Amino acid sequence: MLYKINEIFYSLQGEGRNTGTASVFVRFSGCNLACLFCDTQHASGTMMTIDEIVDAVNAYVKAPLVVLTGGEPTLFITEEFVAALKEKTGKRIAIETNGTRPVPQNVDWVTLSPKTGFEGAGAHPCILTECDELKVVYLNQDLDMYKHIKASYRYLQPCFVEDRAQCDTNMKACIAAVLEHPEWCLSLQTHRILNIQ
């Protein structure tokens, strides 16, 4: 089987609970949603086999974590894919998902980032109700819609846009929301602050 891979790169996880962790990112091309703020170029990508993906990941021997991201990785991966990646790299496997499809049971860490209520994101509802961390891009939506999701950690993240003034407005609104709802923590896209990939 071939997988359309946008990029594979080594960097620090910039968001959520694993912020600062050295990680290999496997970014899939393709998503079942069309969020206006998405930063993945879905048209570009290289068709790769699982062995080619493993070889690319293994180029970064020291990284303890592989992050499957996208796009929407659950459109493409299976338990067999995850098992092969684990066995052949010896690394923990994390996934970042919009929650519209089931996640393979053998993934080590699930970051759920539901896009419920966003323009371009209404095609498929979020079906996941359990995750390791819930990471919500905040645009002043009602947080009650996420109450039913069981998560060890809950993060609100200000929506990044190119307009600096709007970014500042989004940040202030997100901070205010965390202060109002302290069961949530603030997550920043630290890779943008550090100017790393």
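Trainee: What makes strand β2 (residues 22–28) and β4 a pair?

Mentor: Two strands pair if DSSP finds at least two bridges between them. β2 and β4 have five bridges, in the parallel sense, so they pass that cut-off. Within this pairing of strands, Arg27 stands opposite Thr69 in β4. Keep in mind that this is a predicted model, where local features need pLDDT of at least 70 and side-chain atom pairs count only at pLDDT 80 or more, while totals for chains, interfaces and linings use all residues. Residues are numbered from 1 along each chain as its sequence is written, and side-chain values use heavy atoms, with hydrogens and water left out.

Trainee: And what makes a stretch a strand or a helix?

Mentor: Both are DSSP runs, numbered from the N terminus: helices are H or I over at least four residues, strands are E over at least two. By that rule the protein chain has four helices and nine strands, and their order from the N terminus is β-β-β-α-β-α-β-β-β-β-α-β-α.

Trainee: Why is β4 described as mostly covered?

Mentor: A residue is buried under 20% relative accessible area, exposed over 50% and partly exposed in between, using a 1.4 Å probe and protein chains only. Five of the five residues of β4 (residues 65–69) are buried. Both faces are covered, with Leu65, Val67 and Thr69 on one side and Val66 and Leu68 on the other.

Trainee: Which strands are called edge strands, and why?

Mentor: The nine strands form an open sheet in the order β3-β1-β2-β4-β5-β6-β7-β8-β9, with mixed pairing. β3 (46–48) and β9 are the edge strands, as each pairs on one side only. At the β3 end, three bridges join it to β1 (residues 3–12), and the two run antiparallel; Tyr3 stands opposite Met48 there.

Trainee: How do you know that the length of α3 fits a helix?

Mentor: The expected span is 1.5 Å times one less than the number of residues. For the 17 residues of α3 (residues 164–180) this gives 24 Å, and the end C-alpha atoms are 24 Å apart, which agrees.

Trainee: What makes one side of α3 its buried side?

Mentor: The buried residues are Cys167, Asn170, Ala173, Cys174, Ala177 and Val178. They cover an arc of only 135 degrees around the axis, which puts them on the same side of α3; the arc is taken over the directions from the helix axis to the C-beta atoms. An α-helix has 3.6 residues a turn, so residues three or four places apart point the same way. The face turned away carries the exposed residues Arg164, Ala165, Lys172, Leu179 and Glu180.

Trainee: What do the buried residues of α3 pack against?

Mentor: They pack against β7 (130–138), β8 (150–158) and β9 (185–186), where a contact means heavy atoms within 4.5 Å.

Trainee: Which residues are buried in helix α1?

Mentor: In α1 (residues 50–58) they are Ile50, Ile53, Val54 and Val57. Their arc is only 100 degrees around the axis, which puts them on the same side of α1. They pack against β1, β2, β3, β4 and α2 (79–89).

Trainee: Why does Ile193 count as exposed?

Mentor: Ile193, in helix α4 (residues 190–194), has 60% relative accessibility, so it lies on the exposed side of the cut-off.
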